[in-house]
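Trainee: Could we go through this structure together? I would like to begin with the strands and then turn to the helices and the rings.

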Amino acid sequence: MKLSLGFSPCPNDCFMFDAIVNRRIDMEGLEFGVHLADVEALNEAALAGQAQITKLSYHAYAHCTARYVMLSAGSALGRNCGPLLISKRPISTSEAEDGSLRIAIPGKFTTANLLLGLAFPRAQNKTELVFSEIEAALLRDDFDAGLIIHENRFTYQAKGLKKIIDLGEFWEGQTNAPIPLGGIVISRLLPDDVKDRVNRVLRRSVEYAFANRSASLPFVRAHAQEMSEEVMYKHIDLYVNEYSVDLGPEGRRAVELLFEKARATGIIPAVHGPLSLS
């Protein structure tokens with residue numbers, strides 16, 4: 001059986017799914033047509049119902065829960081790994097709160113944008129950019145502030161940019177829960193036994209990556225553009241952890257809590273469960 005699988009070219013996803021791409025594990029008779037795209041492109045494909053299995057932002061998942069169910073393997077959750085709001089000139093959180101800043105964001109349906117909305121509800125002057133273009137746009141003074149994700153948290157200071165707020169710290173301070181950034185979902189139309197097989201294969205792939213850390217390096221490096229190996233592994237270590245193997249009760253509760261808070265402030269619509277496989 002051949003299924004489509006979408007994930008990002010970022011080091012954490014390439015690290016986790018290298019064993020699937022290169023068939024290093026028991027695939028349980030499944031084949032995957034792999035599609036790599038920027039996180040917001042993956043979000044938009046899921047929102048349009050064009051994906052069978054895909055990585056997506058949890059913010060995006062809140063808008064398509066009727067179509068997809070969350071798998072327990074392959075997620076990006078954690079602590080001290082949240083998006084950052086940064087700027088070229090010093091900006092206080094009170095200035096960010098007043099809604100006057102021009103902010104570059106990495107996508108409307110990213111969890112980063114959801115967290116920004118929770119922290120600064122009045123900050124509505126936003127422009128979407130590909131995440132890798134935000135630092136350069138700030139240096140050109142195209143925007144007052146930028147919302148950065150992925151490996152940019154390791155590079156912004158070297159470029160002279162300044163942190164306004166760590167939205168991961170904001171979330172953890174409010175909830176004491178890990179930050180649910182992105183997860184893997186599968187079409188509810190697929191048979192339950194296929195969903196279970198896919199989840200097992202994804203988990204096996206993540207476990208293989210942990211046990212054979214260097215095996216994925218060629219695949220990770222092939223999609224890391226100009227990123228140094230040091231930054232690649234910092235990225236992997238930040239976003240791949242025990243929640244990537246299995247969300248577990250704490251991870252599932254963190255996703256539910258994110259949805260509860262976002263619904264209460266009108267950022268997302270009501271969602272319908274069950275959100276994850278039993």
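**Strands, helices and rings**

Trainee: What is the bridge partner of L85 in β10?
Mentor: The partner of L85 in that strand is I165. Please keep in mind that this is a predicted model.

Trainee: In which sense do β6 and β10 pair, parallel or antiparallel?
Mentor: Strand β6, which covers residues 84-87, pairs with β10 in the antiparallel sense, and the pairing runs over 4 bridges.

Trainee: And what is the strand order of the sheet?
Mentor: The order is β8-β7-β9-β6-β10 in an open sheet of 5 strands, and the pairing is mixed. The edge strands are β8 (126-128) and β10 (162-166), each of which pairs on one side only. On average, neighbouring strands in this sheet are turned by 30° against each other, with direction ignored.

Trainee: Changing topic to helices: at what angle do α1 and α10 pack?
Mentor: Helix α1 (residues 11-21) and helix α10 (residues 229-239) pack at about 75°, and their axes are 8 Å apart. Because angles of 65 to 115 degrees count as roughly perpendicular, α1 is roughly perpendicular to α10.

Trainee: Which residues meet there?
Mentor: From α1, the residues are P11, N12 and F15; from α10, they are M232, H235, I236 and Y239. By class, this contact has 5 nonpolar residues, 2 polar residues and no charged ones.

Trainee: Now the rings. How many aromatic pairs are there?
Mentor: The count comes to 3 aromatic pairs. One of them is formed by F7 and F17, with ring centres 5.0 Å apart and planes at 50°, so the pair is tilted.

Trainee: Where do F7 and F17 lie?
Mentor: F7 lies in strand β1 (residues 2-7) and F17 in helix α1, so the pair ties together parts that are 10 residues apart in sequence.

Trainee: Is F7 buried or exposed? And what about F17?
Mentor: F7 counts as buried because its relative accessibility is 0%. F17 also has 0% relative accessibility, so F17 counts as buried.

Trainee: What about Y61 and F259?
Mentor: Y61 and F259 form a tilted aromatic pair, at 6.2 Å centre to centre and with 50° between the planes. This pair links distant parts of the chain: Y61 is in helix α3 (residues 58-61) and F259 is in helix α12 (residues 248-264), 198 residues apart.

Trainee: Are Y61 and F259 buried or exposed?
Mentor: Y61 is buried, and F259 is buried as well.

Terms used:
Residues numbered from 1 in each chain as written. Predicted model: local features only at pLDDT ≥ 70, side-chain atom pairs only at ≥ 80, totals over all residues. Heavy atoms only, no water. Pairing = 2+ DSSP bridges. Helix = DSSP H or I, 4+ residues; strand = E, 2+ residues; numbered from the N terminus. Axes fitted to C-alpha atoms, helices over the stretch in contact; angles between N-to-C directions. Parallel < 35°, antiparallel > 145°, perpendicular 65-115°, else oblique. Contact = heavy atoms within 4.5 Å. Nonpolar A, V, L, I, M, F, W, Y, C, P; charged D, E, K, R; others polar. Phe/Tyr/Trp six-rings, centres within 6.5 Å; stacked < 30°, edge-to-face > 60°. Buried < 20%, exposed > 50% of the residue type's maximum accessible area, 1.4 Å probe, protein only.
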